[in-house]
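Let's take a friendly walk through a protein model. Have the sequence and the 3D view ready, and follow along as we go.

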Amino acid sequence: MSDNRLAAGDAAPDFTLPDSTGKTVSLSDYRGRSVVVYFYPAAGTPGCTKQACDFRDNLAELNDAGFEVLGISPDKPAKLARFVADEGLTFPLLSDEDRSVMQEWGAYGEKQNYGRTVTGVIRSTFIVDADGKIAKAAYNVRATGHVAKLRKDLGV
C-alpha cells in the first residue's frame with residue numbers, strides 16, 4: 001500500500017493539471033470552496049464510467065451544497081475529452097499522466113485486483129475544505145454506490 005496516505009486535517013497537496021480541453025486547473029483555484037477530488041483508474045471503463053455518471057447525475061445537488069467535483073486519472077487529455085463527450089460529463093476531468101499527483105495523494109501504489117497484488121491507481125475520494133485541508137479521505141472506494149454513500153456522509 002502507499003505509505004503517504006492523507007488523513008483528515010492534512011493540508012491537501014496542491015496540483016496543476018490539464019483538463020480534457022488542455023486548460024490547466026489548479027486545486028488552489030478552488031480555495032474558499034469545498035471540493036470533491038476523486039482519483040480513478042481509466043476513462044471509459046465500466047466502473048469508472050458508472051462512477052463518473054453518478055457524479056454527473058448528482059452534480060447539481062453537490063454544487064447546491066457548496067461542493068465542486070474534480071476527477072483525476074492518468075488518461076491523456078484527448079481520451080478524457082472523448083469520455084466527457086460520450087458520457088455528457090459536466091465537471092472537470094484532469095490528466096495526471098505521470099501519476100505524480102496520485103502518488104502525492106496516496107492514490108497510486110499496490111492494491112489487490114482479483115486476488116493479485118498489482119501496482120496501479122487506487123480508486124480514492126477526498127473532500128477538501130474551503131481552507132485547502134483534507135476533511136475526509138477514502139481509499140479503495142467502490143465505483144458503484146459510492147456517490148450515494150458520499151452524499152449521505154456529507155448530508156447532501
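Ala138 sits in strand 9, which covers residues 134–139. Keep in mind that this model is predicted. Is Ala138 buried or exposed? Its relative accessible area is 18%, and buried means under 20%, so Ala138 is buried. Apart from its neighbours within four places in sequence, Ala138 is in contact with Arg123, Ser124 and Thr125. The C-alpha atoms of Ala138 and Asn63 are separated by 20 Å, and these residues lie 75 residues apart along the chain.

Now turn to helix 1. Its 19 residues reach 28 Å from first C-alpha to last, close to the expected 27 Å. At Asn58, helix 1 bends by about 55°. Just after the helix, Gly66 has a positive phi of about 95°.

Several residues of helix 1 are buried, among them Cys48, Ala52, Phe55 and Leu59. Here are some of the elements that cover the buried residues of helix 1:

| Covering element | Residues |
|---|---|
| Strand 3 | 34–39 |
| Strand 4 | 67–73 |
| Helix 2 | 77–87 |
| Strand 8 | 124–128 |

Helix 4 also belongs to this cover. How do helix 1 and helix 4 pack? Their axes are 9 Å apart, at an angle of about 30°. Angles under 35 degrees count as roughly parallel, so helix 1 and helix 4 are roughly parallel to each other. The contact includes Phe55 and Leu62 of helix 1 and Val147 and Leu150 of helix 4. By class, this contact has 5 nonpolar, 3 polar and 3 charged residues.

Methods
Residues numbered from 1 in each chain as written. Predicted model: local features only at pLDDT ≥ 70, side-chain atom pairs only at ≥ 80, totals over all residues. Heavy atoms only, no water. Axes fitted to C-alpha atoms, helices over the stretch in contact; angles between N-to-C directions. Helix = DSSP H or I, 4+ residues; strand = E, 2+ residues; numbered from the N terminus. Parallel < 35°, antiparallel > 145°, perpendicular 65-115°, else oblique. Contact = heavy atoms within 4.5 Å. Nonpolar A, V, L, I, M, F, W, Y, C, P; charged D, E, K, R; others polar. Buried < 20%, exposed > 50% of the residue type's maximum accessible area, 1.4 Å probe, protein only. Expected span 1.5 Å × (residues − 1). Bend = angle between axes of the 7 residues up to and from the residue.
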